[in-house]
Amino acid sequence: MRVLDHIGIAVGSLERRLAFYRALGLEAAAVEEVPSEGLRVAFLPVEGTSIELLEPIGPESPLAAFIAKRGEGLHHICFRVADIRSAMAELKKNGFELVGDEPRRGAHGCLVCFIHPRSAGGVLVELSQPEG
Ligand code: CO
């Protein structure tokens, strides 16, 4: 069965939003910068999955544009895959639109790709292959 690896939520300020999630009983297990994506991310473990809070590092971060246009909130859902290249090839073969042709290096060294919301009923879907 597929694993829902995490749910990504766009936030303007990690510190401010972490206070909210702490009040819900969730703590950040790790905070990490992903400079290639212009992001700082915090992973909050939840039974069987995680919440990923995504904060733009600077105004040129694509996430800063997302927040300016749509506000903070749900950004993407991420499924774990064993072989991201074969998953991408299968999706392309079936006519689904990916964001970029090659997997990218995401948080914790995972290889990730995104399926365009145009192809996914308005939801940004990430696939993630764990490192190693
Ligand atoms: Co993610």
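**Largest pocket and cobalt site**

The lining of the largest pocket comprises 37 residues, of which L63, H75, H76, F114 and L124 lie nearest its centre; a pocket here is an open set of points on a 1 Å grid over the protein atoms alone, with protein on both sides within 12 Å along at least five of seven lines, and lining residues have an atom within 4 Å of a point. The model is predicted, with local features requiring pLDDT of at least 70 and side-chain atom pairs pLDDT 80 or more, whereas totals for chains, interfaces and linings use all residues. Residues are numbered from 1 along each chain as its sequence is written, and side-chain values use heavy atoms, with hydrogens and water left out.

Among the elements that each supply at least two lining residues are β1 (3–10), β3 (39–46) and β5 (73–80), while α2 gives the most, with six residues; helices (H or I, at least four residues) and strands (E, at least two) are DSSP runs numbered from the N terminus.

The cobalt ion has as protein donors (N, O and S atoms within 2.8 Å of the metal) H6 (NE2), E52 (OE), H76 (NE2) and E126 (OE), at 2.1 to 2.2 Å. In sequence, these donor residues follow the spacing H-x45-E-x23-H-x49-E. Because E52 belongs to strand β4 (residues 49–56) and E126 to strand β8 (residues 125–129), the pair ties together parts that are 74 residues apart in sequence. Both E52 and E126 are buried, that is, under 20% relative accessible area with a 1.4 Å probe and protein chains only.

Terms used
Donors are N, O and S atoms within 2.8 Å of the metal (3.2 Å for Na, K and Ca); water is not among the atoms, so sites may look incomplete. Buried means under 20% relative accessible area, exposed over 50%, partly exposed in between (1.4 Å probe, protein chains only). On a 1 Å grid over the protein atoms alone, a cavity is a set of points where a 1.4 Å probe fits but cannot get out, and a pocket is an open set with protein on both sides within 12 Å along at least five of seven lines; lining residues have an atom within 4 Å of a point.
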